[in-house]
Amino acid sequence: MTRRKKKQVRISEIIIPKYLPIFNSQIKHIILTSGRAGTKSSFAAIRANYQIVADPHGSVVVLRKHHNKLRKTVYKEMLRGINRLKIPKSKFKITKSPMEITYKKHNTTIYFAGSDGIDDTKGIIDEDKPIKLVVIDELTEFFDDGEGEDELSNIEATFVRGNESGFQMIYLYNPPKNPNAPVNQWCKKMEERSDCIHIHTDYRDVPPGWLGQALIDTAEEMKKADPKMYRWIWLGESTGIDDAIYYMFNEEHIEEPEDGQRFSIIGIGGDYGQQNATTFQAAGLDMGRKKLKGLGEYYHSGRETGHQKSPSEYARDFVRFVTGLGDRYGSENVLFYLFLDPSAKGLQEEIKRACRLAGIPVIVRDAENDVKLGISRTQKALTFHIMSVSSKQERAINEFGIYEYDKDSIEKGKEEPIKIDDHCMDAIRYLVMGMWTKIKYWLPIREE
């Protein structure tokens, strides 16, 4: 009877050369930064799985700031790490509730937790298998949504107990654009410590065969379209923040729908103000040409006109606006989506009622109001010309040219747009966020 040979893999075959010197190192703090496809997450997964397999006395904790993001990110990556090590999954006990991966032979475990649930994690850790490795993913979130350096120190103090030696922390993040961002300042401070090493990678450090030519071509396409965005996204450089938020907007983004062109889906972003302006910005989904085409705008400012409208009046104006769009651009079965300022609950109900009475097929949703992400996605849509505006959107065109970050906020590392003359920009951001699931496939670079 022949015995089947065990599959073996060399670590040098599954991690990039830049990471080889630190794989078995005893250095306490390892900071890994990169652009997209720099393989830092892959390295961390392989290292974490190797830890519980190779050391019968040491377990691992993997942390993100927000617990609800664990399963689709680091948990999946750790499972991929097992595959890369070519260890049969039957040798592990893998559970989702709680999220844990245990190597059966040693009873060593990878625990997953959000930063706000550390106490829950501490309660289930086996004291005989102390935590030897802490992996912190998306480190920027700990500075943007948490207490930054203080929180990291508390995490270290929590898990270093019971370790006589060999305790290690690995931090992963893609550097923000702003060199003054708190996480970038923390990294500079850590680099001065003798027990810390910082390694930065990008896709050019990875063997091309691992990535595939399509991914490399995607990076090179962005390099041609917007070199500065390429340096940030693909090379992971903190390129700095332009005062002008939509610096890539130009006359080429202003174009009209073709004569007689009809759309089966028309999206509308709506920003509401009582004293400030209320605006609706509309665009049609051109599936054939892969573009979100601007169609028109509605704009009214109580402060400028001296006449403040009620929600019911705005709802009637919205019905007239949508009816005009449907007559001019709508197909026979046109469907409208309105992504409305989430604070405008009263207006939302008035619009639903008015559209129902008028027999207009409108799906009304709360706009997703993540300013940073919304700006990033709108920038990509403009960079790759998958979004245009009509010359009828005069207010929006004007705001594209003057929409800026507050200079003081940039210096503080928390860049925030100036909240003046930004109503059309808010509405277009709502529109892009709302239509993102449909238009993101037209980008040469996909959102992960």
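Lys76 sits in helix H3, and in this predicted model its relative accessible area is 44%, so Lys76 counts as partly exposed.

Now for the charge pairs. Side chains of opposite charge can pair when their charged atoms come close. A search of the whole structure turns up 29 salt bridges, and here are a few of them.

| Salt bridge | N to O distance |
|---|---|
| Arg204 and Asp202 | 2.9 Å |
| Glu304 and Arg395 | 2.9 Å |
| Arg429 and Asp426 | 2.9 Å |

Glu304 belongs to helix H11 (residues 302-305) and Arg395 to helix H15 (residues 394-402), so this pair ties together distant parts of the chain, 91 residues apart. Glu304 is partly exposed at 49%, and Arg395 is partly exposed at 34% relative accessibility.

Arg429 and Asp426 are about one helical turn apart, because they are three residues apart in helix H17 (residues 423-439). Arg429 is buried, at 2%, and Asp426 is buried too, at 5%.

Finally, take a look at Thr108 in strand S5 (residues 108-114). Its relative accessible area is 0%, so Thr108 is buried. Leaving out residues up to four places away in sequence, Thr108 touches a set of residues including Ile52, Asp55, His57, Tyr103 and Lys129.

Technical notes:
Residues are numbered from 1 along each chain as its sequence is written. This is a predicted model: local features need pLDDT of at least 70, side-chain atom pairs count only at pLDDT 80 or more; totals for chains, interfaces and linings use all residues. Side-chain values use heavy atoms; hydrogens and water are left out. Helices (H or I, at least four residues) and strands (E, at least two) are DSSP runs, numbered from the N terminus. Buried means under 20% relative accessible area, exposed over 50%, partly exposed in between (1.4 Å probe, protein chains only). Contact means heavy atoms within 4.5 Å. A salt bridge is a side-chain nitrogen of Lys or Arg within 4 Å of a carboxyl oxygen of Asp or Glu.
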